[in-house]
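Open the model in your viewer and keep the selection tool ready. We will go from one stop to the next.

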Amino acid sequence: GKHWGYGKDDGPSIWHQNFPVAEGDRQSPIDIMPQQASHDPNLGPIVLNYDHCTSLNICNNGHSVVVEFDDTDDRSVILGGPLDNPYRLKQFHFHWGGKGCHGSEHTVEGNSYASELHLVHWNAVKYRSFGEAASAPDGLAVLGIFLETGDDHRWLHTITDALYMVKYKASVTDFKGFNPKCLLPSSLHYWTYLGSLTTPPLHESVTWIVLKEPIAVSERQASFECSCSLGRKRIRGYAWKITSGPPSLSKAGKYAPPIN
Ligand SMILES: CC[C@H](CNC(=O)c1ccc(S(N)(=O)=O)cc1)c1ccc2[nH]ccc2c1
Ligand SMILES: [Zn+2]
């Protein structure tokens, strides 16, 4: 596909030249303003059935480090919340910052976090492949989780250790038996809105589900990631645009998160 990056000549401010949808009306990321989000009583809790998920490998595609899953059946899905059917887990990846380590893509009242984890799922009920779903308005569901620096994260070291293996672009290495449930915060309360891929081709195919509660990672883990980060995503002009409909809050009801 067309080259793109995070530099001065190939970064977010010029993506619209090769990917005109960048000027669309449901582009992500956005700045989430909790007071402007409306509580939607019809929104139930999200449910993550990851117990039988099968991670395959970890690869550095030059833009991010991605952990890919076997998505040939419905063994690991996200459902509930704003979704009309289960969406299959395809991969997860992180967005790390530059030196400042304010690398999250979404922001909350203008504040960014050290990093942001994206768990990418696709609608295998309606579409036959990820690529097909990725260009359909209801094709993808991405669960966004903020990472802030704090205590050492018990499980993140398994990923940061593996990152050493894929420090350079186009390197792939086995990464089996990792269950991303260990990366979830205790509360699954969320904001949701209709948006897009945050990197080219920027398809407006993502139902975003952003968890309110961040997870803590240690300075070392965050600094490691920052040092190997693949370019900082500068805030794009339209990234601050609030969508037409404010992100609707999750159901305020209390419910126990799924047992890990
Ligand atoms: C259709 C795009 C896809 C590559 N990109 C992604 O999968 C992707 C996924 C999530 C996010 S985020 N940050 O919003 O969560 C951004 C990008 C993709 C998939 C298959 C393809 N075959 C050929 C080209 C090609 C591109
Ligand atoms: Zn992402």
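**Stop one: the second largest pocket**

Select Pro82, Leu83, Asp84, Leu194 and Thr207: among the 15 residues that line the second largest pocket, they lie nearest its centre. A pocket is an open set of points on a 1 Å grid over the protein atoms alone, where a 1.4 Å probe fits, with protein on both sides within 12 Å along at least five of seven lines; lining residues have an atom within 4 Å of a point. This pocket holds about 190 Å³ of space.

This is a predicted model: local features need pLDDT of at least 70, side-chain atom pairs count only at pLDDT 80 or more, and totals for chains, interfaces and linings use all residues. Residues are numbered from 1 along each chain as its sequence is written, chains are lettered from A and ligands numbered from 1 in the order in which they are written, and side-chain values use heavy atoms, without hydrogens and water.

**Stop two: the largest pocket**

Now select Gln91, His93, Phe130, Leu197 and Thr199. They lie nearest the centre of the largest pocket, which 25 residues line. Its volume is about 500 Å³.

**Stop three: ligand 1**

Zoom in on polar contacts (pairs of N or O atoms within 3.5 Å). Thr198 has a side-chain N or O atom 2.8 Å from a nitrogen atom of ligand 1. For His93, the distance from a polar side-chain atom to a ligand 1 nitrogen is 3.3 Å.

Methods: A polar contact is a pair of N or O atoms within 3.5 Å; within protein, one must be able to donate a hydrogen and the other to accept it, and residues adjacent in sequence count only if both atoms are side-chain atoms. Grid points are joined across faces, edges and corners, and a volume is the space filled by probe spheres set on the points.
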